[in-house]
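Dear colleague,

Please find the structure that I am handing over to you below. My notes on selected residues come after it.

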Amino acid sequence: MLYADFEYYKETYKGTLTEDSFNSLILKASREIDKNVNTRLTETKISNLPEEAQEQLKYTACALIDLIYKKEESTNRKVTSFSIDGVSKSFNILSDNDYKKSKKEIITCLPDELTCFI
């Protein structure tokens, strides 16, 4: 199950990715949530959550999408810096440790109601 849709991502979360990028990453983000609550959340389980918890779940999925996108972009970038005629440019690379730390911070934002599945 996917925990957020593109409309929520754009309108509420105020994400900047295209719909194609969102669609390619929402499954990864949702599976990451599943791994961290040790269950696959069903529509029934989610609909039984309070509205605020459902909102936290969507927000967490969107934050994970942005983090996964940032990691993929960082990994795909071959050149980390360059210099031309004294003008230099460096690209911010997301290390594996920074990625893991950020992911852990995002996952802690999952609603407390889901901790019963851990």
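Predicted model: local features only at pLDDT ≥ 70, side-chain atom pairs only at ≥ 80, totals over all residues.

Residues are numbered from 1 along each chain as its sequence is written, and side-chain values use heavy atoms, with hydrogens and water left out.

Aromatic residues

The structure holds 5 aromatic pairs. Rings of Phe, Tyr and Trp (its six-membered ring) are paired if their centres lie within 6.5 Å; planes under 30 degrees apart count as stacked, those over 60 as edge-to-face and the rest as tilted. The pair of Y9 and Y13 is stacked, because the ring centres are 5.6 Å apart and the planes stand at 25°. Y13 also pairs with Y59, here edge-to-face, with 4.9 Å from centre to centre and 65° between the planes. Y13 lies in the loop between α1 (6–11) and α2 (19–37), whereas Y59 belongs to helix α4 (residues 51–76), so this pair ties together parts that are 46 residues apart in sequence. Helices (H or I, at least four residues) are DSSP runs, numbered from the N terminus.

As to accessibility, buried means under 20% relative accessible area, exposed over 50%, and partly exposed in between (1.4 Å probe, protein chains only). Y9 is buried, at 0% relative accessibility, and Y13 is buried as well, with a relative accessible area of 16%. Y59, at 46%, counts as partly exposed. One aromatic cluster is formed by F6, Y9, Y13, F22 and Y59.

K71 is part of helix α4 and counts as buried, at 15% relative accessibility. Leaving aside residues up to four places away in sequence, K71 touches L94, S95, D96 and Y99, where contact means heavy atoms within 4.5 Å.

K103 is found in helix α5 (residues 96–107). The C-alpha atoms of K103 and A63 are separated by 8.9 Å, the two residues being 40 residues apart along the chain.

With kind regards

How values were computed: Helix = DSSP H or I, 4+ residues; strand = E, 2+ residues; numbered from the N terminus.
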